[in-house]
Amino acid sequence: RALVADNERLRAALTQTILSGEAGVDEAEAAMLSHLFLVLLMGAIHLDTLDVERIGDRSLVEHLRGRFARILADRGGPYETDGRRLPETIVEPAPEPEPADGRRARTVRTRRRILGAAHDLFARHGYDGTTIEAIAERAEITVPGLYRHVASKEQLLVEVAERAFSRYRLTRPLDGARSATTQLAELLAAFSLSRDEVERRIAIELDFGAWRSEALAEALHAFHRRMRA
């Protein structure tokens, strides 16, 4: 609650700064520009796990400075999207294959239940606020049964991360009829939809978890390098 209140004060102060310093900007647009600035700022704050090799990179600093100045100077019309559905640029993850062998299929389904339960609980209550007992209860398995599939809660966090990375929605091959920037803007818009609340929360939890788990940090860095490529 304190963080939300502080961000509200910061947004209000930024809005007033933009209103006083940029001609032709009304209050609604200034508020949206303040929101955009905070989104970019949060990305910069997460450089340690997002793009660690860019820390201290002067070219990145100048690029960000120039691009944000351009946004302020060259503002376009409103971007329209249908908030009820995913933009066409987004690909839903393919269904995970089922093994043909019945016994192995049961094991795979049990592991998926465990990972799904952990993913949801880590996102909603945080890693520290989630117990193995709660994960087992959500997955409809006993605690000893759960430990036959994972060695520890930390290993479970790493596996949740790797599964999330493998199922991350990527953009489709770019449609030549529209610009790349327009289609990538749709990808950004998708993560502002209410349906992605859990994914936004698990992203924060994985970022925090990378500080205490070298395996998770390595997986997170590798994922970000693949995404950038």
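1. **Overall make-up.** Buried residues account for 33% of the chain's 229 residues. The model is predicted. Its secondary structure amounts to 11 helices and zero strands. Along the sequence the pattern reads α-α-α-α-α-α-α-α-α-α-α. Of the contacts with a separation of 6 or more, 63% join residues 24 or more positions apart.

2. **Confidence.** The average pLDDT of the chain is 83. A score of at least 70 is reached by 86% of the residues. Where is confidence lowest and where highest? The lowest is helix α9 (residues 180-190), with a mean of 75, and the highest is α6, at 96. Where pLDDT is low, the coordinates of a prediction should not be read in detail.

3. **Main core.** The largest nonpolar core has 30 residues. Phe122, Ile135 and Leu146 touch the most other members. Five elements are listed as giving two or more residues to this core: α5 (102-125), α6 (132-139), α8 (153-166), α10 (197-209) and α11 (214-228). Which of them gives the most? That is α5, with seven residues.

4. **A second core.** A separate core holds six residues. Val25, Ala30, Leu33 and Phe68 are among them.

5. **Phe122 and its partners.** What does Phe122 contact, once neighbours within four places in sequence are set aside? The partners are Tyr127, Thr130, Ile135, Lys153, Leu156, Leu157, Val160, Ile202 and Glu205.

6. **Aromatic pairs.** The count comes to two aromatic pairs. In one, the ring centres of Phe122 and Tyr127 are 5.4 Å apart and the planes meet at 45°, so the pair is tilted. Both Phe122 and Tyr127 are buried. The pair of Phe165 and Phe223 is stacked, at 4.4 Å centre to centre with 10° between the planes. Phe165 belongs to helix α8 and Phe223 to helix α11, so this pair ties together parts 58 residues apart in sequence. Phe165 is buried, at a relative accessible area of 10%. Phe223 is buried too, at 8%.

7. **Helix α6.** Which residues of α6 are buried? They are Ile132, Ile135, Ala136 and Ala139. These residues lie on the same side of α6 because they cover an arc of only 100° around the axis. An α-helix has 3.6 residues a turn, so residues three or four places apart point the same way. The buried residues of α6 pack against α5, α7 (143-147) and α8.

8. Asp120 sits in helix α5. Is Asp120 buried or exposed? Its relative accessibility is 16%, so Asp120 counts as buried. The side chains of Asp120 and Arg138 make a polar contact at 2.6 Å. Beyond neighbours within four places in sequence, Asp120 is in contact with Arg138 and Val198.

9. **Glu140.** Glu140 is a residue other than glycine, yet its phi is positive, near 60°. Its relative accessibility is 67%, so Glu140 counts as exposed.

10. **Helix α9.** This helix has the lowest mean confidence, at 75. Its buried residues are Gln183, Glu186, Leu187, Ala189 and Ala190. They cover an arc of only 165° around the axis, which means they share the same side of α9. Which residues are exposed on the other side? Those are Thr181 and Leu188.

Technical notes: Residues are numbered from 1 along each chain as its sequence is written. This is a predicted model: local features need pLDDT of at least 70, side-chain atom pairs count only at pLDDT 80 or more; totals for chains, interfaces and linings use all residues. Side-chain values use heavy atoms; hydrogens and water are left out. A nonpolar core is a set of buried Ala, Val, Leu, Ile, Met, Phe, Trp, Tyr and Cys residues joined through side-chain atoms within 4.5 Å. Buried means under 20% relative accessible area, exposed over 50%, partly exposed in between (1.4 Å probe, protein chains only). Helices (H or I, at least four residues) and strands (E, at least two) are DSSP runs, numbered from the N terminus. Contact means heavy atoms within 4.5 Å. The arc is that of the directions from the helix axis to the C-beta atoms. A polar contact is a pair of N or O atoms within 3.5 Å; within protein, one must be able to donate a hydrogen and the other to accept it, and residues adjacent in sequence count only if both atoms are side-chain atoms. pLDDT is the predictor's confidence in each residue, from 0 to 100. Rings of Phe, Tyr and Trp (its six-membered ring) pair if their centres lie within 6.5 Å; planes under 30 degrees apart count as stacked, over 60 as edge-to-face and the rest as tilted.
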